[in-house]
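Biologist: I would like to go through this chain feature by feature. Please give the rule for each feature and then the case.

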Amino acid sequence: MKTRYMLVMTMLCGVCSWMAAQQKAPQEVFLLESFTQGKAFQKDRSVTTTTFNYDPVNRRMNYYDGSTRMVLEGVNMIDSVVVAGRTFIPYQRYFLEVVPAGDQALFIDWKVRLKAKGKEGVAGSRTQGNVQALDVSRMQNLGMSKPEVDLYEVTYENTYYLLRGEKLKKFTDAKAFLKLYPAADQQAIKDYIKSANVNFQQAEDALKLIEKF
């Protein structure tokens, strides 16, 4: 009897763990609407052509090798990845998207956090909703569209870089951005940030700011 009880408890614990995993683990999120044909240019001048997509939650470039989906490793050996007219370059362990901005370029380290909210079920109850792939276009936040609000909450934690001399200088907020410009320009920038209600976690806002200054 004791053995049977222990077996039942073990099975229940296994089921509970599986259910918890289903609730906590969101489905994948990608920058592009679908895996799209592109090219990976390597530093040894070789080129790999396949379909790519970028995962901004785990900050990894994914691609297909035949029917098998893979993560692009050996980032230090990659010169750039061009997919859907968008260019990504390796930086440290991740990739930055390079977006032209007037006579400059904005380098975006896409980073997204997702929290499942749950959705209304039978008799008004709430069930845990799975995070689904975001439908993305360049017109919607330069890549990230707004998800269905009844499924999950999205927190943008993008980091941006501008080239100053030969070094990339990062910013995530107004204070850090102002440091990249001469003191004589800072008041005008402050005024614009305030009047335009610039949200630095929206890449489109950051791009407009750079194009103006």
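Biologist: How many residues lie between β6 and β7 in their hairpin, and which residue in the turn has a positive phi?

Modeller: A word on the source first. This is a predicted model, in which local features need pLDDT of at least 70 and side-chain atom pairs count only at pLDDT 80 or more, while totals for chains, interfaces and linings use all residues. Residues are numbered from 1 along each chain as its sequence is written, and side-chain values use heavy atoms, with hydrogens and water left out. Helices (H or I, at least four residues) and strands (E, at least two) are DSSP runs, numbered from the N terminus. Two strands pair if DSSP finds at least two bridges between them. Here β6 and β7 are antiparallel, with five bridges. Two residues separate them in the hairpin, and Q92 in the turn has a positive phi of about 55°.

Biologist: Which residue in β7 does P90 stand opposite, and what else does P90 touch?

Modeller: Contact means heavy atoms within 4.5 Å. P90 belongs to strand β6 (residues 86-91) and stands opposite F95 in β7. Beyond its neighbours within four places in sequence, P90 is in contact with V75, I78, D79, S80 and F95. The C-alpha atoms of P90 and V75 are 6.0 Å apart, at a sequence distance of 15 residues.

Biologist: How many residues of β7 are buried?

Modeller: Buried means under 20% relative accessible area, exposed over 50%, and partly exposed in between (1.4 Å probe, protein chains only). Six of the eight residues of β7 are buried, so this strand is largely enclosed by the rest of the structure. P90, at 22%, is partly exposed. For the chain of 213 residues, 33% count as buried. On its other hairpin, β7 pairs with β8 in the antiparallel sense over five bridges, with V98 opposite F107 and a positive phi near 65° at G102.

Biologist: How should I read the buried face of a helix?

Modeller: An α-helix has 3.6 residues a turn, so residues three or four places apart point the same way. In α4, the buried residues are A203, A206, L207, L209 and I210. Seen down the helix axis, they fall within an arc of 160° (taken from the directions from the axis to the C-beta atoms), so they line one face of α4. Their packing partners are β7 (94-101), β8 (104-109), β13, β14, α2 (174-178) and α3 (183-195).

Biologist: Which residues touch the most other members of the largest nonpolar core?

Modeller: A nonpolar core is a set of buried Ala, Val, Leu, Ile, Met, Phe, Trp, Tyr and Cys residues joined through side-chain atoms within 4.5 Å. The largest has 36 residues, and V81, F95, L106, F171 and F177 touch the most other members. Helix α4 (residues 203-212) gives the most to this core, with five residues.

Biologist: How many aromatic pairs are there?

Modeller: Rings of Phe, Tyr and Trp (its six-membered ring) pair if their centres lie within 6.5 Å; planes under 30 degrees apart count as stacked, over 60 as edge-to-face and the rest as tilted. The count comes to eleven pairs. F171 and F200 have ring centres 6.2 Å apart and planes at 85°, so the pair is edge-to-face. F171 lies in strand β14 and F200 in the loop between α3 and α4, so the pair ties together parts that are 29 residues apart in sequence.
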